[in-house]
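Okay, everyone, let's get started.

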Amino acid sequence: MTQKALEELLHRQIPLSKFMQVEVTMTETQVELQSELTPNHNHLGTAFGGSLSCLMILAGYCQIFRLLNESGHVVVKSTTMNFNHPVEEKLKAVCSGPSPEEATEFLKMYNKKGKARLQLNSQIILSDGRVACTMTGEFVGIQ
């Protein structure tokens, strides 16, 4: 799946991502989502916590979208989040993909049972390298 195809899929499947002006970049194992502060700010001029949460969750969605190669559906089952620093700049969420073994097991279960779960971690990274927020989430792929 190309970066452009993943971004289009994200905007089509989750319309909020388009309103948030989410842009997708990726490597072989990592998904990075960026979004301008302007459509995502709160009354203090910093990033709204809901936008930060959403961006980290969307990064996890993208990892599952990549594994399923546009087939099936993705839902988030649970998340745990921590907010460490305010974000006063462009939002950047990073989600590393599963290990090759985890990906293989996920796809094996998905093909056998019609659904599979995977735990992923996302972070909001500031331009100075500090981690502003973290999320651990359990995502489910469903046929």
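Cys 133 is buried, at 0% relative accessible area; buried here is under 20%, exposed is over 50%, and partly exposed is in between, with a 1.4 Å probe on protein chains only. This is a predicted model, where local features need pLDDT of at least 70 and side-chain atom pairs 80 or more, while totals for chains, interfaces and linings use all residues. Side-chain values use heavy atoms, without hydrogens and water, and residues are numbered from 1 along each chain as its sequence is written.

Cys 62 is buried too, at 0% relative accessibility. For Cys 133, the nearest cysteine sulfur is that of Cys 54, 13 Å away.

Next, the Gln 21 backbone. Its phi is near 65°, positive although the residue isn't glycine. Most residues other than glycine have a negative phi. Gln 21 sits in the loop between α2 (15-19) and β1 (23-26); helices are DSSP runs of H or I, at least four residues, and strands are runs of E, at least two, numbered from the N terminus. At 43% relative accessibility, Gln 21 is partly exposed.

Note on methods:
A disulfide is a pair of cysteine sulfur atoms within 2.5 Å.
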